[in-house]
Amino acid sequence: MSVEPSGLCNLQCPECPVGAGVLTRKGGMLEPGLLSKMLDEAGPELMTLNLYFQGEPMLNRKINKLITAASERNIFSSMSTNGHFLSPENCDKLIEAGLSELIISLDGISRQSYSRYRKGGNLDKVLQGIESMVKRRKELNKHKPLITVQFIVFEHNEQEIPELIKLCRRLGVDRLQLKSAQIYDFGNNEVKPPKNPRYSRYIEKEGRPVLEGKSYNHCFKQWGSAVMSWDGRVAPCCYDKDLDFSPGNVSETPLGEIWKNQSLMQFRGKILRDKAAIAMCRNCPQGRKFLI
């Protein structure tokens, strides 16, 4: 399950619906009580909780309580952050709450390349945050969270990857994750997919980026995972940014009922019949290259 600790963000990334200001729904903060309700209703089948959807999770001042709710139920918790709020004090809160994995976005190793996408961001502050987390985890003699640096590969930063690898080794992080960029029309071509096909999910066709591969009528996410917004609304997957296909709200209806209700079952039926007819699915790489 992916949940949304905060529907707000401090940055203005052009390919992010929140940063670009294109979402029609309001932002807000997830309350620990609502998350606990959902976790209890999900039961032991829920193994992993991703504390991110839209927005910046660290803006939620109760983020440690959200993490604790997962830790108390022995659920693996992962949180993705832009790294601007990783003060030593906040690092301690995440560590002590039992966060399993911390993913820190670092999409450029020079100020120029970093600010090209992370508009309003501060590269030095992010690097300081990474150093703080590595240092505090060591000082507290903890093995969690796993510290992952995530690098979204664009045309303007792909040449930095060799130096990025060296930087991550110097910082002492556990893992470097190179992520292919997701491109939307509202981004106004401010950033472009990388030239190296190894790091891109697109091929160029008639001057436009087009997802590689054929889209098959299946999607394991519809039967194996779900998303919950900060106010309890459920989405069938993380591509439903504006909750256009929300089948219900866990603050009003038990999760088990939502999981099997007519609205969600009809959406799954559309996936099996003609997934390409659903607009948000046309820009999703899930299930395109081979049938599973």
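Ile104 is buried, with a relative accessible area of 0%. Buried means under 20% relative accessible area, exposed over 50%, and partly exposed in between, using a 1.4 Å probe and protein chains only. Ile104 lies in strand β4. Helices (H or I, at least four residues) and strands (E, at least two) are DSSP runs, numbered from the N terminus.

This is a predicted model, in which local features need pLDDT of at least 70 and side-chain atom pairs count only at pLDDT 80 or more, while totals for chains, interfaces and linings use all residues. Residues are numbered from 1 along each chain as its sequence is written, and side-chain values use heavy atoms, with hydrogens and water left out.

- Contact means heavy atoms within 4.5 Å.
- Ile104 and Phe151 are 47 residues apart along the chain, and their C-alpha atoms are separated by 8.6 Å.
- Five of the five residues of β4 (residues 101-105) are buried, so the strand is largely enclosed by the rest of the structure.
- In a regular strand the side chains alternate between the two faces of the sheet.
- In β4, Glu101, Ile103 and Ser105 point one way, while Leu102 and Ile104 point the other way.

**Partners of β4**

- Strand β3 (residues 76-81) pairs with β4 in the parallel sense over four bridges. Two strands pair if DSSP finds at least two bridges between them.
- Opposite Glu101 of β4 stands Ser78.
- Strand β5 (residues 146-153) also pairs with β4 in the parallel sense, over five bridges.
- Gln150 in β5 is the bridge partner of Ser105.
- A right-handed β-α-β unit is made by β3, helix α3 (residues 88-97) and β4. Right-handed here means that, with the strands pointing away from the viewer, the path from the first strand over the helix to the second runs clockwise.

**Helix packing**

- Helix α5 (residues 123-139) packs with α3 at an angle of about 50°, with their axes 9 Å apart. Axes are lines fitted to C-alpha atoms, for helices over the stretch in contact, and angles run from 0 to 180 degrees between N-to-C directions.
- α3 and α5 are therefore oblique to each other. Angles under 35 degrees count as roughly parallel, over 145 as roughly antiparallel, 65 to 115 as roughly perpendicular and the rest as oblique.
- Pro88, Cys91, Asp92, Leu94 and Ile95 in α3 meet Gly129, Ser132, Met133, Arg136 and Arg137 in α5.
- The axes of α1 and α2 cross at roughly 20° and come within 9 Å. That makes α1 roughly parallel to α2.
- Pro32, Leu35, Ser36 and Leu39 of α1 make this contact with Lys65, Leu66, Ala69 and Ala70 of α2.
- Helix α1 (residues 32-42) has buried residues that include Leu34, Met38 and Ala42.
- Gly43, with a positive phi near 75°, follows α1.

**Backbone exceptions**

- Most residues other than glycine have a negative phi, and most peptide bonds are trans.
- Lys144 and Pro145 are joined by a cis peptide bond, with omega about 5°. Pro145 lies in the loop between α5 and β5.
- Asn74 is not a glycine, yet its phi is positive, about 60°. Asn74 sits in the loop between α2 and β3 and counts as exposed at 73% relative accessibility.
- Leu243 also has a positive phi of about 60° without being a glycine. Leu243 counts as buried at 8% relative accessibility.
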